[in-house]
Amino acid sequence: MSTILNNDLKQQLVADFQAAESRLNGEAKTAVHQKRREAMQRFETLGFPTVRHEEWKYSNVSNLVKQAFDFNVQSDFGIKDVEALEIPNLQGNILYFINGMYSAELSSIVSPESQLQILNFGRAVKEKPELLASYFAHYANYQDDAFTALNTAFAHDGVVVHVPEGKVVEEPIILRFITDSRSVNAASQPRNLIVVGKNAEVKMAESFRTIGDNGSFTNVVTEIVVEENANVQYYKVQNETEKAYHIGTTQVLQKDKSHFYAVTVTVNGGFVRNNLNIVLDGQYCESFMYGLYFPNGKQHVDNHTLVDHAKPNSYSNELYKGILKDKSTGVFNGKIFVREYASKTNAYQSCRNVVLSDEASMNTKPQLEIYNDDVKCSHGTTTGKLNDEAIFYMRSRGIPKAEAVTLLMYAFCEDVISQIKIEPIREYLSGLIVEKLAQ
């Protein structure tokens with residue numbers, strides 16, 4: 001039965017693509033749409049993954065593809081709704097996307113155009129065709145990933161960000177994706193392209209939030225190109241509902257002497273899959289990857305990371321941490337590739353987890369593939385319970401047990417939380433995390 005439903009949804013999406021294509025005029029001949037068409041053909045071949053696919057062994061999407069979603073939900077989300085979701089003291093270039101569609105009315109761009117060029121994806125297709133032809137769908141792999149293929153085929157909204165060579169963007173870029181499922185099961189497929197020129201610097205964050213009691217499905221792809229000697233800080237925060245499905249891919253390409261710094265925090269979400277893939281395609285690159293997740297109830301959080309050292313003399317460091325409660329499940333699959341010519345590579349990976357319930361489970365799979373002898377690489381993973389001695393010590397000092405457990409868990413998280421360099425986001429997240437840990 002699930003196979004039939006799977007095929008029905010696939011056929012529905014193919015029909016939706018054909019209908020959308022029939023409404024295009026000159027855009028149908030653009031390089032962007034040729035990529036869309038190729039991606040849809042690939043999606044038709046791949047179909048949705050099952051647990052028989054090694055990359056999806058622990059993350060079953062059968063419940064997702066059984067549901068009906070509206071990919072074109074009109075929302076009355078407005079200024080009053082924004083006020084309820086604002087992060088205290090957060091300033092910068094704040095862009096709102098409601099059910100995947102950019103809202104100019106709710107957004108605010110404060111950086112001068114000489115520092116930062118921001119267009120929604122639809123405008124960029126018309127106004128920046130050369131930029132899209134050079135970068136769009138060149139890095140995120142739609143040949144082997146069905147959800148990336150699906151997103152690429154339907155790439156009509158989202159954002160294109162270009163930081164010109166030598167520019168330092170002083171104010172952060174905050175992309176706020178709001179799924180409004182108050183009326184129906186809502187779905188969106190935003191596509192983002194971030195190009196940071198040589199010697200440029202930028203801080204950016206992607207935030208995902210669901211409102212409403214119905215189901216939601218977000219399938220997002222973000223491609224980030226970090227040119228020579230550029231510096232990018234990237235944060236991804238998810239605080240969605242128990243009925244939310246989130247599948248996201250962040251694909252990063254680094255050039256010589258570039259620096260990329262990522263923190264991914266999953267506070268809430270029914271089914272979450274985060275793919276973070278970094279290709280160090282230059283010498284003397286540095287990559288840092290931090291992750292934090294707190295599934296409870298029946299939540300499922302899957303973090304897949306890939307660091308591909310394609311050139312010599314580069315460094316990567318990765319730390320992911322999770323706290324699992326109730327009947328929740330977690331997955332961590334971290335891969336490090338060191339290519340044949342990537343000598344003098346330093347690559348480190350660590351995943352640490354605390355499981356607070358006998359019914360919660362954590363699946364970890366660290367992987368190293370090394371094709372050069374002149375490297376330093378290590379990986380490790382641990383899964384265990386809280387330290388009873390530490391809890392006993394705190395209780396002996398008059399701290400109630402519940403408070404002692406929360407303090408101990410927060411201390412476990414601190415070395416990831418502290419990596420968030422945008423202070424209002426760090427403070428806001430700290431409050432959310434303490435609240436979640438105290439549940």
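How do the residues of the lining of the largest cavity divide into nonpolar, polar and charged? They split into nine nonpolar, three polar and three charged (Ala, Val, Leu, Ile, Met, Phe, Trp, Tyr, Cys and Pro count as nonpolar, Asp, Glu, Lys and Arg as charged, and the others, Gly among them, as polar). Keep in mind that this is a predicted model, where local features need pLDDT of at least 70, side-chain atom pairs count only at pLDDT 80 or more, and totals for chains, interfaces and linings use all residues. Residues are numbered from 1 along each chain as its sequence is written, and side-chain values use heavy atoms, with hydrogens and water left out.

**Cavities overall**
- There are six cavities of 30 Å³ or more in the structure.
- Here, a cavity is a set of points on a 1 Å grid over the protein atoms alone where a 1.4 Å probe fits but cannot get out, and lining residues have an atom within 4 Å of a point.

**The largest cavity**
- It holds about 150 Å³ of space (the volume filled by probe spheres set on the points).
- Its lining has 15 residues, and Ile87, Arg176, Ser207, Val237 and Tyr428 sit closest to the centre.
- Strand E8 (201–211) gives the most to this lining, with five residues (strands are DSSP runs of at least two residues, numbered from the N terminus).
- Domain 1 (9–282) and domain 2 (388–438) each provide at least three of the lining residues (bounds come from an automatic or database domain assignment).

**The second largest cavity**
- About 80 Å³ of space lies in this one.
- Of its 14 lining residues, Glu54, Tyr58, His304, Val331 and Asn333 are the closest to its centre.
- Its lining divides into four nonpolar, five polar and five charged residues.

Methods. 1 Å grid on protein atoms, 1.4 Å probe; cavity = no way out; pocket = protein on both sides within 12 Å on 5 of 7 lines; lining within 4 Å. Helix = DSSP H or I, 4+ residues; strand = E, 2+ residues; numbered from the N terminus.
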